[in-house]
Structures are given as C-alpha cells and as structure tokens.
Amino acid sequence: MAVYTDVTTDDLARFLSRYDIGELLSYKGIAEGVENSNFLVHTSKGHFILTLYEKRVAEKDLPFFIGLMEHLAARGLNCPQPVKTSDGSALGMLAGRPAAIVTFLDGLWIRKPSVGHCAAVGEALAQLHIAGSDFAMTRANALSVESWRPLLDRAAARGDDVRPGLCAEVAKELDVLEKSWPRDLPQGVIHADLFPDNVFFLGDKLSGLIDFYFACTDTLAYDVAICLNCWCFEPDHAFNVTKGRALLKAYQTVRPLSAAECAALPILARGAAMRFLLTRLVDWLAVPEGALVKPKDPLEYFRKLRFHQSVTSATDYGLDA
Ligand SMILES: Nc1ncnc2c1ncn2[C@@H]1O[C@H](COP(=O)(O)OP(=O)(O)OP(=O)(O)O)[C@@H](O)[C@H]1O
Ligand SMILES: N[C@@H](CCO)C(=O)O
C-alpha cells in the first residue's frame, strides 16, 4: 500500500473509539504498495491494519471485499479479518475516505521467490478458488478486457515518453485481445492481484494471503495467468519454466485445469500482462503530489507481454503436454 491520505491522531483516536480494540498507542503509514492508504496501528490490545480506500476501490464494492474475507476465513484460508465496531459495522469513514480495520497477519513477503514458493502459491490459489466457489456475492472485474482501451486512452498523451512507440504497440495488442478474449471458461471468485507482496510466508511455509481489493467474479484460469506473470519471471525478465511448472502442478493437485483452460493460458497471460502494464502506465504518469508512494515500472509488464506473444502453447509455461 501507500499513503495518499493523512490521518491525524485525534481523528484516528475518535475512529477507534467505536471499536473494542483498546487504546491507541502508536500508528504509522505503510509506504509499500500503490493502491490504498494503509497504516499499522498499535493499540493496547495488539496490532491492526487500518486501510483508507482510495481511487480504484468503489465504495459500493466494499461489502463484497469484507464479506469475501470473512467467507474465506470461515473455510480455513488465512487472510485478514475485518474487525467490527461495537455496533457491528466493518466499515466507517475517516479523513473523508471509507475505512476499515483488519487483523494483522504475521509473516513476510518473499522478495526472490524460489520454485518451492511458486508451488506454494499455486496450491493456495486453487484453495482460494475452491473456498470461494460457494460465496454468494458477485462483483464484475472492473479491470478486465473492456477497461483496457480506456486506460490506454488516459495514458495516450504521454505514454510514448515512457518508451517510444509504446502506445501504438499496446493498441495493436488490444485489437488481438479484444477479438480473442475467452468468455466461456469456468468462472468464480478470483483474487486478481496475487503478487508476491500479497502472499506471506513464515519460514518456507505459506502463512496467509492479503489485499483482496481487486477480488471479483471472473475466469478462474485468468488468476493462474496473473500468477504466472508475477511469480515465474526472473529479475532479468526471462520466464522460468521450472517455476511455471511447479506453480501449475501444485494448482492442479487441488483444482485440475480443463483442456479449454490450458489452451487459453497464453492469451490469458497476455491479458494479465496488459492489465498490469496499463494500470502501472496510468499511475506512472499521474503520481499525486505529496503522496507517499513509489510507482511501479510499467515496462516490466511490456517485456512480459513480449514473452507471452512468443508463446505457442501452454507447454511453454511448463504445463505437461
Ligand atoms: N493484514 C495485514 N497484516 C500484516 N501486514 C499487512 C496487512 N495488510 C497489509 N499489510 C502490509 O501492508 C503492505 C501493503 O499492503 P497491500 O499489498 O494490501 O497494499 P496495496 O496498496 O493494495 O498494494 P498493491 O500494490 O499490492 O495493490 C503489505 O506488504 C504489508 O506489509
Ligand atoms: N500488484 C499491482 C498493483 C495493484 O494493481 C502491480 O504490481 O502493478
């Protein structure tokens, strides 16, 4: 996360007085991440995470996210739990933003994932898909294929400053994605942002998942394609097929992919690279003044997209032929 909105001690103490979580002892902004404002809050009863929801989170979607975290935890998945006020509400307003308190999860995120970490995340992703299969609420993916061209339009004036010719190449790829995006694959709850910084480990054991604020109802295999993008490339931008194989194999021990899902992986991976390329590009060109945030490199996902364009079948990701 990041800090876009400042919170005063008085406002926070007043906000916390509605909860039964003790007296405020200290709090500090968390610089990591790019989406919402996050604070680590220390009270006389322990540590909590305070989130102020920013630009990409619509207030009407908050009950979906809160309900989903509760649903997944009830099915054994370790994820932050919304803390309720004394009158039973998980959501409030603070510093003019919708805000929630969630439980603090122990663990660290892995800067350099190994093959074993990739396997652990593949298994956890499939468990999430299964645990979410009876979640009653739905939410359309606001960052799916229909949203990508409008994002490019927003970046069009200065996108080529980031890389000459970038906007034309992205527009050409969008033509392909819009025509061939798969629409009839199995759907369900997806995390949609299961990057390494959203997966905690204690030692080598996966201990929990965080950041459900892009979760939505969409193609399950698209979530797998997102994870191939963010877990299985090396710092030199090469795809590591051993990591891909480990992630896919572990996923399939819990939820086997159908033949149609396997066949669609290359196009889904191109779409996933496009999503993160575009949101990063828009953010890169519009860092709010005074915000504590480090925008992420859009070109990392341009390079990944190039790799996916060269892929001929899912075996290139390590799937058994
Ligand atoms: N429930 C939690 N328990 C412990 N730490 C947390 C929790 N939620 C968030 N954090 C801390 O805050 C950081 C950023 O959180 P998060 O990834 O949710 O932010 P974000 O802005 O949505 O990021 P992203 O760029 O991944 O979308 C995490 O890396 C972690 O250090
Ligand atoms: N995980 C995303 C940020 C959330 O959209 C990224 O690394 O671009």
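Guide: UniProt annotations may be inferred rather than shown by experiment, and their positions are given here in the numbering of this chain. With that understood, an unreviewed UniProt entry lists residues 27-257 under "domain: Aminoglycoside phosphotransferase". The model itself is predicted. In it, the span of residues 27-257 is 37% helix and 19% strand, and its end C-alpha atoms lie 44 Å apart.

Visitor: Why is H308 called buried?

Guide: A residue counts as buried under 20% relative accessible area. H308 has a relative accessibility of 1%, and therefore counts as buried. This residue belongs to helix α10. Neighbours within four places in sequence aside, H308 is in contact with N229, F233, A269, R270, A273 and Y317.

Visitor: Why does D197 count as buried?

Guide: The relative accessibility of D197 is 17%, so this residue also falls under the 20% limit and counts as buried. D197 is found in the loop between β6 (187-190) and β7 (199-202). Apart from neighbours within four places in sequence, its contacts are W109, I210 and K296.

Visitor: What makes the pairing of D197 and K296 a polar contact?

Guide: The term requires a pair of N or O atoms within 3.5 Å, one able to donate a hydrogen and the other to accept it. The side chains of D197 and K296 are joined by such a contact, of 3.5 Å.

Visitor: Which residues surround ligand 2?

Guide: The surrounding residues are V34, E35, D193, F195, F214, R275, F276, R280 and K296. From an N or O atom in the side chain of K296 to an oxygen atom of ligand 2 is 3.3 Å. For the side chain of E35, an N or O atom is 3.0 Å from an oxygen atom of the ligand. In the case of D193, a side-chain N or O atom is 2.7 Å from a nitrogen atom of ligand 2.

Visitor: How do you know that the buried residues of α6 line one face of the helix?

Guide: The buried residues of α6 are L166, C167, V170, E173, L174 and L177. Viewed down the axis of α6, they fall within an arc of 125 degrees, and therefore line one face. The face turned away from the buried side carries the exposed residues A168, K172 and K179. Among the elements that cover the buried residues are α4 (145-155), α5 (159-162), α9 (259-284) and α10 (298-310).

Visitor: What span does α6 reach, and what is expected?

Guide: Helix α6 (residues 166-180) has 15 residues and reaches 21 Å from its first C-alpha to its last, close to the expected 21 Å at 1.5 Å a residue.

Conventions
Residues numbered from 1 in each chain as written. Chains lettered and ligands numbered in written order. Predicted model: local features only at pLDDT ≥ 70, side-chain atom pairs only at ≥ 80, totals over all residues. Heavy atoms only, no water. Helix = DSSP H or I, 4+ residues; strand = E, 2+ residues; numbered from the N terminus. Expected span 1.5 Å × (residues − 1). Buried < 20%, exposed > 50% of the residue type's maximum accessible area, 1.4 Å probe, protein only. Arc of directions from axis to C-beta. Contact = heavy atoms within 4.5 Å. Near = heavy atom within 4 Å.
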